[in-house]
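Here are some notes for a colleague who is opening this structure for the first time. Please read them with the sequence and the model side by side.

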Amino acid sequence: MELKDRIYHESLRLFSEKGFLNTSISDILVATGSSKGGFYNHFSSKDELFYEVLAIAQSIWREKVLDGVDQIESPTAKIKLILENYRNRYLKDYDNFPGGCVFVTFSVELDDQRPDLMQEVAKGFIGLKNMLKNLLEEGKAQGELRQDVNTNRATELIFSGMIGSSVLFGVDKSNDTLERSINSLILYLNGLGPEDSLVDINVEDHLLEI
């Protein structure tokens, strides 16, 4: 692996574990076995590295979370696959994100101290919300969701649930907790369907069995 690629990879790992602000250039040099000269030969500043690593993280997210989504016609089935991929392919990607979701880490530390950088992170959150909202609207138009479903509220709940799942998983790395969190969102989505499509189960009992 070329030095620049090693810097990308190790920086992404460090950012997910320690955050951007708490990761020093010295930390990156140690992780990559490089020198300051090697670093500054590729990057003019740590901020420049941030923007490039953020773009790589976003690309990995799309590759992991959206895998197979374009092969499905049903809008609600697409959301379910997104949730499953988010759980199985993205949050459990320990090679790239050993500390958990890097976007959550960024949002916690950058909001007050570096709002300029946080604006770039927020664009990804806005994009995810828009995608969920569009799929929910399509599902409603196609009769997969009840007509009384408020898609704005449903979007916020699913989005918040995804972020909350990543926070909980980042704390204890419990697969059981992650399964329950994501499965509860899938059950919630199922509950938005027409009454004649609902499975006759007690949702709370089912969650306890997951």
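1. Contact here means heavy atoms within 4.5 Å. On that basis, residues 24 or more positions apart account for 68% of the contacts in the protein with a separation of 6 or more.

2. On sources: this is a predicted model, in which local features need pLDDT of at least 70 and side-chain atom pairs count only at pLDDT 80 or more, while totals for chains, interfaces and linings use all residues. Residues are numbered from 1 along each chain as its sequence is written, and side-chain values use heavy atoms, with hydrogens and water left out.

3. The overall make-up is ten helices and zero strands. Helices (H or I, at least four residues) and strands (E, at least two) are DSSP runs, numbered from the N terminus. Along the sequence the pattern reads α-α-α-α-α-α-α-α-α-α. The C-alpha atoms fill a box of roughly 65 × 35 × 35 Å, taken along the principal axes.

4. Of the 210 residues, 43% count as buried. Buried means under 20% relative accessible area, exposed means over 50%, and partly exposed lies in between (1.4 Å probe, protein chains only).

5. Which residues of helix 5 are buried? They are Pro75, Thr76, Lys78, Ile79, Leu81, Ile82, Leu83, Asn85, Tyr86, Arg87 and Tyr90. Their cover includes helix 4, helix 6 (102–113), helix 7 (115–141), helix 8 and helix 9 (175–190).

6. Helix 4 and helix 5 have axes that come within 8 Å and cross at roughly 120°. Axes are lines fitted to C-alpha atoms, for helices over the stretch in contact, and angles run from 0 to 180 degrees between N-to-C directions. Helix 4 contributes Trp61, Glu63, Lys64 and Val65 to this contact, and helix 5 contributes Leu81, Ile82, Asn85, Tyr86, Arg89 and Tyr90. The residues of the contact divide into six nonpolar, one polar and three charged. For these classes, Ala, Val, Leu, Ile, Met, Phe, Trp, Tyr, Cys and Pro count as nonpolar, Asp, Glu, Lys and Arg as charged, and the others, Gly among them, as polar.

7. Asn85 has its place in helix 5. It counts as buried because its relative accessibility is 7%. Leaving out residues up to four places away in sequence, Asn85 touches Lys64, Val65, Leu66, Asp67 and Tyr90.

8. Helix 5 also packs with helix 9: the two axes come within 10 Å and cross at roughly 175°. Helix 5 is therefore roughly antiparallel to helix 9. Angles under 35 degrees count as roughly parallel, over 145 as roughly antiparallel, 65 to 115 as roughly perpendicular and the rest as oblique. On the helix 5 side the contact is made by Thr76, Ile79, Lys80, Leu83, Glu84, Tyr86, Arg87 and Asn88, and on the helix 9 side by Leu178, Glu179, Ile182, Asn183, Leu185, Ile186, Leu189 and Asn190. By class, the contact has eight nonpolar, four polar and four charged residues.

9. Ile72 sits in the loop between helix 4 (46–65) and helix 5 (75–90). Apart from residues up to four places away in sequence, Ile72 touches Ala77, Lys78 and Leu81.

10. At what angle do helix 7 and helix 8 pack? The angle is about 135°, with the axes 9 Å apart. Helix 7 is therefore oblique to helix 8. From helix 7, Phe125, Leu128, Lys129, Leu132, Lys133, Leu136, Glu137 and Lys140 meet Thr151, Asn152, Ala154, Thr155, Glu156, Ile158, Phe159, Met162 and Ile163 of helix 8. By class, this contact has nine nonpolar, three polar and five charged residues.

11. Thr151 belongs to helix 8 (residues 151–172). With 5% relative accessibility, Thr151 counts as buried. Its side chain is joined to that of Glu137 by a polar contact of 2.8 Å. A polar contact is a pair of N or O atoms within 3.5 Å; within protein, one must be able to donate a hydrogen and the other to accept it, and residues adjacent in sequence count only if both atoms are side-chain atoms. Not counting residues up to four places away in sequence, Thr151 touches Lys133, Leu136, Glu137 and Lys140.

12. Lys173 lies in the loop between helix 8 and helix 9. Although Lys173 is not a glycine, it has a positive phi of about 55°. Lys173 is partly exposed, with a relative accessible area of 30%.
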